[in-house]
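Subject: Structure handover

Hi,

Here is the structure for you to look through. Please open it first, then read my notes below.

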Amino acid sequence: MMRENWNDVGQGFHPVSAPDYLPAAQLRELQLRRLKAVVERAYANVAPFRERMVERGVTPADMRTLEDIAKLPFSIKTDLRDNYPFGLFASPMSEIVRLHASSGTTGKPIVVAYTQEDLQVWASVMLRTFSAAGIHRGDIVQNAYGYGLFTGGLGAHYGLEAIGATVVPTSGGNTDRQVMLMRDFGVTGICCTPSYFLHLIERAGELGINLRELPLRTGIFGAEPWSEGMRARIEQESGIKAFDIYGLSEIIGPGVGSECAAQAGLHIFEDHFYPEIIDPETCRVLPDGEEGELVLTTLSKRAMPMIRYRTRDITHIITEPCSCGRTVRRIARVARRSDDMFIIRGVNVFPSQIETALLSVEGVLPHYRILLSREHGLDQMNVEVEIGAELFSDQVSAMEALHKRLAHAVERITGIRAGVRLVEPHSIPRSEGKARRVWDERGE
Amino acid sequence: MKVTQISTFIENRPGRLHAACAALADRGVNIHTLSLADTAEFGILRFVLADPAAGKAALEAAGYLAKETEVVAVEVPDDAGGLADILAKADAAGLNIEYMYAFSMAAGRRAVVIIRFTDPDRAVEALSQQGVNVVAPVELLSR
Ligand SMILES: [Zn+2]
C-alpha cells in the first residue's frame, strides 16, 4: 500500500528494504519456510542443540506451523560460553569468513561466526536499519562504533557502504578528533552509543563547536538501553533526529531491528529474526502486547543459528500498523535489560527507573551514576548527580530544595530510600562505549 | 551600578575550594572578594572578580560551572548601626535580599557589603534615592 514511497530518496528507500513491506500472510509463510530449514540445519550440525531436542522428544519435522516454535528448547548466553569457542557452529570452518567476540567482562568471551551469506544478510539488514532512519546515498556518516571484535563497528560499516553513503570509519575514542572530523567533513549522520554521543556534544561545546550549526542531522544509536528522556536531551542539545536501533552479537550484531521516521517502536526484521515475548519466570509465550523477555530465533543464519535465544531484554510487541507503512512488527524500545537489574534490600531496581526519576524533577536528564554499597550489613544506594548549568542556582536554599526533590523522586519511583549526592560537572567517568551506570561495591 | 558576580558549584571535599581559586589565578584573574556558602555535601562559591568575563571563561575551561549574577555593592558607614540602617532602608523599600557577604576591606578604609537582591535594578534605584552609597564596579577595582 505504501509502495509509491519506496522510491522516495528522502525516506531512504532501497530495493533491499522491500521485505519490510511484505503482506503479513506472505511474511508468515516465508518465516515458516525458513524456520523449518534453520531447525533442520541446527539439528543436523549443532550437537548441543540436537541433544536438547532429543531430550524433549522433538524433531525438526514437528515444525508444522509458526506456533510450533514453542516446542523448541531455549538457548541462553551461557550456552555460548559452555561451547567456547566453536562448539555451536553449524558450518565447517572452511565456510566461515568472519569471527567476532564479546569483550567478556565476566569469564570467557562469547564467539560468533558468519559465512559469506551471513555477511550479505547482515549488510542487508543494516541497510534496512539506515534506510529506516532516512540515511541514503549522499550522506556522510561517521561510524564511531568500535571496529574490531565488537560487532557494532563492522556491522554498521558494511550496511552504510551497501546503502551508498560515505563512511568515515572513526571507530570509538579520541573524542577531539571525532569532533574535528565531524565539522571538517560536513558529516550528516553518526553511529555510536547514545551515551558517547552525549559526551561528544559536551566535548564539542568545550571546543567551541555547536553541533546545531553543523550539517549533522541524524544519529543512529544503539548497543545500550536508553530512554525517551535521553533522546529528548540529545535532540534538543544537538538539533539532530536520534534513532534507536536494536541488535545483539549472539543474533547477528546490530541490525535486528530499528526505528523508522515515526520513532514509535523498533521494526524487527522478522524475515530473518523471529521474535517472541515470554514470561521470564515461567517461560510461557505471551501474547503480542504483553511485556516480557524478548526471545529471538535466527531464521536464515548459517554459520551459527540461534534458536529461541533469550535476550534478557524486557519489551513488548506492538502489532498496530506503523504510520510508515512497514508491515514487519515492532517492539517497544528496550529501556530495561533483566541483566542490568539489581536487587537492593529485596527490591528489584532498574537503572532506567533512576533515569526516569531524575528526569521528572527538572525535565532534564543529568549525568548520573548509581553506587551500591554495604554499610553495617545494610545495602545502600547512592545516586550521584552531576550539577549542570541547567540545574545550578547560586542560592543554597534552591540547591537544597533540588537535592530533596531528586531524593524524593528516586524514592517515589523505586520504592527505595536512596542517598543523592550532588557532584561537580565532569566528575563521573565517561565511557567511550556502553555507559556504565551501576557501580556495585557490595562484594559477595 | 550593579556588579557582576560569578558563582560556581563545588563539592565539599578537600582541595576543591583551592582548585577553583587556582583556576582563576592561573589565568591571572584577580579576586576582589569571595564567599562560600556551604552545606555538609556541597558549597556555592561566589566571586567578585576584577574581570568577570575572563573569570567565567577560566572557571569553565577548568570544568567548573560559572553562573553570572548581578549583585549590588553598598558602602557601609563606619559606625555601630551602619549596616542595620541600610537593611532598614532596603526593608522599607520592599527589597528582597537573597544573601549578602562582606567585601574585603584591607586596602581601603570604607566597608562594603555585597548584596544579592531579587530585583537588583530596583534596589540600586531605591537605595541611591535614600542616600546609600552604591559602589560602582570601577571603584572596586581601585581599592
Ligand atoms: Zn514504522
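Start with helix α1 of chain B: its buried residues pack against β1 (2–11), β2 (31–38), β3 (42–49) and α2 (52–61) of chain B. Contact here means heavy atoms within 4.5 Å. Buried means under 20% relative accessible area, exposed over 50%, and partly exposed in between, with a 1.4 Å probe and protein chains only. Helices (H or I, at least four residues) and strands (E, at least two) are DSSP runs, numbered from the N terminus.

A word on the source: this is a predicted model, where local features need pLDDT of at least 70 and side-chain atom pairs count only at pLDDT 80 or more, while totals for chains, interfaces and linings use all residues. Residues are numbered from 1 along each chain as its sequence is written, chains are lettered from A and ligands numbered from 1 in the order in which they are written, and side-chain values use heavy atoms, leaving out hydrogens and water.

**More on that helix**

Helix α1(B) spans residues 16–26, and its buried residues are B:R16, B:A20, B:A23 and B:L24. They sit on the same side of α1(B), because they cover an arc of only 95 degrees around the axis. The arc is taken from the directions from the helix axis to the C-beta atoms. Turned away from that buried side are the exposed residues B:H18, B:A25 and B:D26. After α1(B) comes B:G28, with a positive phi near 70 degrees.

A:H267 lies in strand β9 (residues 266–268) of chain A, and A:C322 in the loop between β13 (317–318) and β14 (330–331) of chain A, so the pair ties together parts that are 55 residues apart in sequence. A:H267 counts as buried, at 1% relative accessibility. A:C322 is buried too, with a relative accessible area of 7%.

**The sheet**

In chain A, nine strands form an open sheet with mixed pairing, in the order β4-β3-β5-β6-β7-β8-β9-β14-β13. Two strands pair if DSSP finds at least two bridges between them. Strands β3 (residues 140–143) and β5 (residues 189–192) of chain A run parallel, joined by three bridges. A:Q142 has A:I190 in β5(A) as its bridge partner.

Best wishes
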